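Please look over the sequence and the model below before reading on. The paragraphs that follow take up one part of the chain after another.

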Amino acid sequence: MPRLDVLDVASPSVARMNNYLLGGKDHYPADREACERLLRIAPGAQAVAEAGHRFLLRATSHLAREHGVRQFVVFGAGLPTPLGVHQIAQRVDPRARTVYADDDPLVLAHGRALWQEKRRTLTVRAGPLQADRLLCAPEVRELLDLKLPVAALFVSALHTIPEPASPARVLAQTAGALAPGSFVAASHLVSEQPRVRCQASEAMREAAGGRWGRVRSRADVAAFFGSLRLLAPHLTDVCRWRPGSDRVAAAGSPAWAEYGGVAMIR
């Protein structure tokens, strides 16, 4: 397994693969080759990656505008995009604060160079499995007030959690660490075709050096949210979650989609 603090351009990176699928420039031949292999298994992967990113931005905007959330934690943050969570939140309130968490060395370097702002935005090293511990970290506590609502965003992150760890446990533990009135937004790659689930999961685990989970069915993903109170339209293909005028991203299909929603913590 590669060291997390060393940039290995000879092996694919999930963050750089996603950057390639989103039309970015921060990727290498190994990442592009892994993406092309995934696209042969799931031809809709590029459109679905775009749908996931747009869901992240819409969920952020909705929580900031309609629910008054001013604190955000983004797990599996990925490489910086032209428009990020902190920029969406600060359009609503310039005082909004955002923590980006990832364990990819290139993400950390670029995030700290491009997105980090004193007293408003922080980039830290952590994966989804460290969510509850991250919220207790001193540098995070300096930025966020956990007595007030926080939105924990696991968009396009649940399927990266390696087994035997459970996405359900990650969501439950995170919800338990947040104040009432907080939110959890999460999504997961899904396929209703067993062959696609198996082949795509194998391809992604190989690309990630084993540090990846698996593609699941919609029914499996629905169970992860447990008793969390989902906002309408509940769990759905993410392109259908409150799209408003944002109808650029194509819908998924039974063969390949991203499935998720936003839940309130009471």
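Which residue takes a positive phi just after helix 1? It is Gly23, with a phi of about 85°. The model is a predicted one, and the values given here are computed from it.

Helix 1 itself covers residues 14-21.

Two packed helices are described by the angle between their axes and the distance between the axes. For helix 3 and helix 4 (residues 85-92), the axes come within 9 Å and cross at roughly 25°. Angles under 35 degrees count as roughly parallel, so helix 3 and helix 4 are roughly parallel to each other. Their crossing is right-handed. On the side of helix 3, the contact is made by Leu56, Leu57, Thr60, Ser61, Ala64 and Arg65. Helix 4 contributes Val85, Ile88, Ala89 and Val92. By type, the residues of this contact divide into seven nonpolar, two polar and one charged.

Is Thr98 buried or exposed? Its relative accessibility is 0%, and buried means under 20%, so Thr98 counts as buried.

Arg141 is partly exposed, because its relative accessible area is 45%, which lies between the limits of 20% for buried and 50% for exposed. With residues up to four places away in sequence not counted, Arg141 touches Leu135, Cys136 and Leu146. Between Arg141 and Thr174 there are 33 residues in sequence and 15 Å in space, taken from C-alpha to C-alpha.

The last topic is the backbone. Most residues other than glycine have a negative phi, and most peptide bonds are trans. The following places depart from that pattern.

The loop between strand 4 (151-154) and helix 8 (167-177) holds Pro164, and the peptide bond from Glu163 to Pro164 is cis, with omega near 15°. Ser156 is placed in the loop between strand 4 and helix 8 as well. Although Ser156 is not a glycine, its phi is positive, at about 60°. With a relative accessible area of 27%, Ser156 is partly exposed.

Further along, the peptide bond from Ala232 to Pro233 is cis, with omega near 10°. Pro233 sits in the loop between strand 6 (229-230) and strand 7 (236-237). Arg242 is in the loop between strand 7 and strand 8 (257-264). The phi of Arg242 is near 45°, a positive value in a residue other than glycine. Arg242 has a relative accessible area of 36% and is therefore partly exposed.

Technical notes:
Residues numbered from 1 in each chain as written. Predicted model: local features only at pLDDT ≥ 70, side-chain atom pairs only at ≥ 80, totals over all residues. Heavy atoms only, no water. Buried < 20%, exposed > 50% of the residue type's maximum accessible area, 1.4 Å probe, protein only. Helix = DSSP H or I, 4+ residues; strand = E, 2+ residues; numbered from the N terminus. Contact = heavy atoms within 4.5 Å. Axes fitted to C-alpha atoms, helices over the stretch in contact; angles between N-to-C directions. Parallel < 35°, antiparallel > 145°, perpendicular 65-115°, else oblique. Left-handed = near helix turned anticlockwise from the far one by under 90°. Nonpolar A, V, L, I, M, F, W, Y, C, P; charged D, E, K, R; others polar.
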